[in-house]
Amino acid sequence: EETVAGCPLCPLCASRSRTVFGVGRRDADILVVGEAPGAEEDRQGEPFVGRAGQLLDNMLRALGYSREQVFIANMLKCRPPRNRDPEASEVAACWPYLDRQIELVAPQVILAVGRIAAQSLLATDRPLRTLRQGSHQLPTRDVPVVVSYHPAYLLRSPQDKAKAWQDLRRLRGHLKPAMPEEEA
């Protein structure tokens, strides 16, 4: 996290207010990955705040998880100007940080939200509608990846929330059931 905070590997470091490392359990079952911080995330240093973050929280609650029980990160740790799509060189510069987060968290499953995150994680240019159709394997690690819509998109297109629920149900299928607590 300290290394990310002082990262000079791409030009985004010159315009950031703060880096957005990620939040949540460091041993989470689910790792949520978005594309990049927005303006409010840049100010607060936390991913998925605001209305999109509230919707993500609701999506996680539908799975039986709170925000604190998962780990939430982005492909990029700094905000691109004017919320533009990340450039390939920026994704490449940040990839080692996200790869290390994946290694340390060791999630049972990754939820990639949005086209940029999905395409970057899966090293493909296939469209989101095709990537949503099934589960995938992270090319660099033995971790399943489920692709869904970005919560900001769902706020603009609520008619697709039912499709996102299908994605979450597919994600649930990758989670091992919790161990029953022993009776006292």
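This is a predicted model: local features need pLDDT of at least 70, side-chain atom pairs count only at pLDDT 80 or more; totals for chains, interfaces and linings use all residues.
Biologist: Why is the pair arginine 26 and glutamate 1 called a salt bridge?

Modeller: A side-chain nitrogen of Arg has to lie within 4 Å of a carboxyl oxygen of Glu. Here the N to O distance is 3.2 Å, so the pair meets that rule. By this rule the model holds 14 salt bridges.

Biologist: What makes arginine 26 and glutamate 1 a pair that ties together separate parts?

Modeller: Arginine 26 sits in the loop between strands S1 and S2, and glutamate 1 belongs to the segment before helix H1, so the pair joins parts 25 residues apart in sequence.

Biologist: How do you know that glutamate 1 is exposed?

Modeller: Its relative accessible area is 52%.

Biologist: What makes arginine 132 and aspartate 167 a link between distant parts of the chain?

Modeller: Their closest N and O atoms are 2.8 Å apart, and they form a salt bridge. Arginine 132 is in the loop between helix H6 and strand S5, while aspartate 167 is in helix H8, 35 residues away. Both residues are buried, so each has under 20% relative accessible area.

Biologist: Let's turn to helix H3. How do you know that its span is close to the expected one?

Modeller: H3 covers residues 50-62, which makes 13 residues. The distance from its first C-alpha to its last is 19 Å, close to the 18 Å expected at 1.5 Å a residue.

Biologist: Which residues of H3 are buried, and what do they pack against?

Modeller: The buried ones are Ala52, Gly53, Leu55, Leu56, Asp57, Met59 and Leu60. They pack against strands S2 and S3 and helices H7 and H8. After H3 comes glycine 64, with a positive phi near 90 degrees.

Biologist: Now the pockets. What lines the largest pocket?

Modeller: Its lining has 23 residues, and Glu35, Ala36, His150, Ala152 and Arg156 lie nearest the centre. The volume of this pocket is about 400 Å³. Helix H7 gives the most to the lining, with 3 residues.

Biologist: How do the lining residues of the largest pocket divide by type?

Modeller: They divide into 12 nonpolar, 5 polar and 6 charged.

Biologist: And which helix gives the largest share of the lining of the second largest pocket?

Modeller: Helix H4 does, with 5 residues. That pocket has a volume of about 180 Å³. Its lining includes Glu1 and Arg26, the two residues that meet in a salt bridge. By type, the lining of the second largest pocket divides into 6 nonpolar, 2 polar and 3 charged residues.

Notes: Residues are numbered from 1 along each chain as its sequence is written. Side-chain values use heavy atoms; hydrogens and water are left out. Helices (H or I, at least four residues) and strands (E, at least two) are DSSP runs, numbered from the N terminus. Buried means under 20% relative accessible area, exposed over 50%, partly exposed in between (1.4 Å probe, protein chains only). The expected span of a helix is 1.5 Å times one less than its number of residues. Contact means heavy atoms within 4.5 Å. On a 1 Å grid over the protein atoms alone, a cavity is a set of points where a 1.4 Å probe fits but cannot get out, and a pocket is an open set with protein on both sides within 12 Å along at least five of seven lines; lining residues have an atom within 4 Å of a point. Grid points are joined across faces, edges and corners, and a volume is the space filled by probe spheres set on the points. Ala, Val, Leu, Ile, Met, Phe, Trp, Tyr, Cys and Pro count as nonpolar, Asp, Glu, Lys and Arg as charged, and the others, Gly among them, as polar.
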